[in-house]
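Subject: Structure for your files

Hello,

Here is the structure to be handed over. Notes on what was found follow below it.

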Amino acid sequence: MQKYSNTDKIVHTFAKGMEEGGVTWELHNLSNRKEWDAAREAFINNERTLIAFPLYVECVPSLMLEFLETLPKEHKQPAELSFMLHGGMDEGNEFRLCERFLRELPKQLGCSYGGTLIHGGSFRIRTAPADQVAKMVTPYFEMGQLFAQKGNFLSPEATKFTGMEQYPWLVRKMVSLLFLKKVNGEFEQFAKDWGCTSPLGDKPYSE
Amino acid sequence: MNLVLNTLGASIDKETIIALLPDKEVEIIDTADMNIAHCMGCNQCWLKTPGICAIKDDYENILKKLVKADNIWLVSDTRFGFLDYKGKRMMDRIMPMLNMTIGFRDGWMRHELRYHALNIGLLYQGAADQALLEDWCKRTAANIGGHSLGAKL
């Protein structure tokens, strides 16, 4: 599953940026339960923890919630918890409820809040050709450098990374007319290439 | 049809749940002892077998009932001011009810509906952020074309 993960692609690009900024890091994959013990240890021992994840039904994925429920409040030193939140849609507003939740979460885990880096548009990371994917995730390299420099996502540069809060009316019209047909067509093509034999709008449980 | 997904099991009885709901004609599914895995975001329900989840567990029967439901009530415990993982897991697995394809609805970019709109309500226990849960119901319902039925303690 990891090879298909948008989060994984984003995190590795971000980490290269952090490395350039002189920061050392270790990575734990929370989608693999076998790594939970090591991830918990890392959370207890490290000064800074960064959790990257995709938006699931307006908030944190249930798997991540289960992991969070296993974390202790104790740390070996003052700790800061930051987040990288991404999702399929472009508009920043989509992430705001989750961001509210994340703002209140670190203190419940004995940490201070280091901000949330938010960015949308990640559906196409999964479905676009490799050269386009590399271009899409490149901005995360710069954000990795920024994190290395600032130590958190509380800076105006990190806030700006989210992009547009909502498409203005005229842009919505233009996107509907010019862009959505192309994007939805790419999804159809990707599905066919993946072996899908049904229309994407199939209703398998209809009577 | 009103469908209730009770993740609290025997710690709340059927009569208590029904008393908290505006409509008394409901089907309650006790999910506490069911085998239900987390959604892993594999996208197969959108791109490989549209509408069918790749995970073969007890949620498949719930999906078949969701297709016939108008209103869905989630009964859940809370943690960190929000749903606990068992409650959130029920809603994360709802993805096959939507399509991969996107469009604008109510001024926002959203996934297109695979079936029909669903209204969503929440009955929760524990010290949660009421405003956050109410907003979560509104947003989640809007994404599936419906409206919030409210979040009640």
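What share of the contacts in chain B with a separation of 6 or more comes from residues 24 or more positions apart? Such residues account for 61% of these contacts, two residues being in contact if their C-beta atoms, placed from the backbone, lie within 7 Å.

The model is predicted: local features need pLDDT of at least 70, side-chain atom pairs count only at pLDDT 80 or more, and totals for chains, interfaces and linings use all residues. Residues are numbered from 1 along each chain as its sequence is written, while chains are lettered from A and ligands numbered from 1 in the order in which they are written.

Chain B has five helices and eight strands, in the order β-α-β-α-α-β-β-α-β-β-β-α-β from the N terminus. Helices (H or I, at least four residues) and strands (E, at least two) are DSSP runs. The C-alpha trace of chain B spans about 40 × 35 × 30 Å along its principal axes. Its radius of gyration is 15 Å, which agrees with the value near 15 Å for a compact globule of 153 residues; the radius is taken over C-alpha atoms, and the globule rule is 2.2 Å times the number of residues to the power 0.38. Of the 153 residues in chain B, 44% are buried (20 or more other C-beta atoms within 10 Å of their own, with C-beta atoms placed from the backbone).

Chain A is divided into domain 1 (2-166) and domain 2 (167-199), with bounds from an automatic or database domain assignment. The C-alpha centres of these two domains lie 27 Å apart. Four residues of domain 1 of chain A are in contact with four of domain 2 of chain A.

Regards

Notes
Buried ≥ 20, exposed ≤ 12 C-beta atoms within 10 Å, placed from the backbone.
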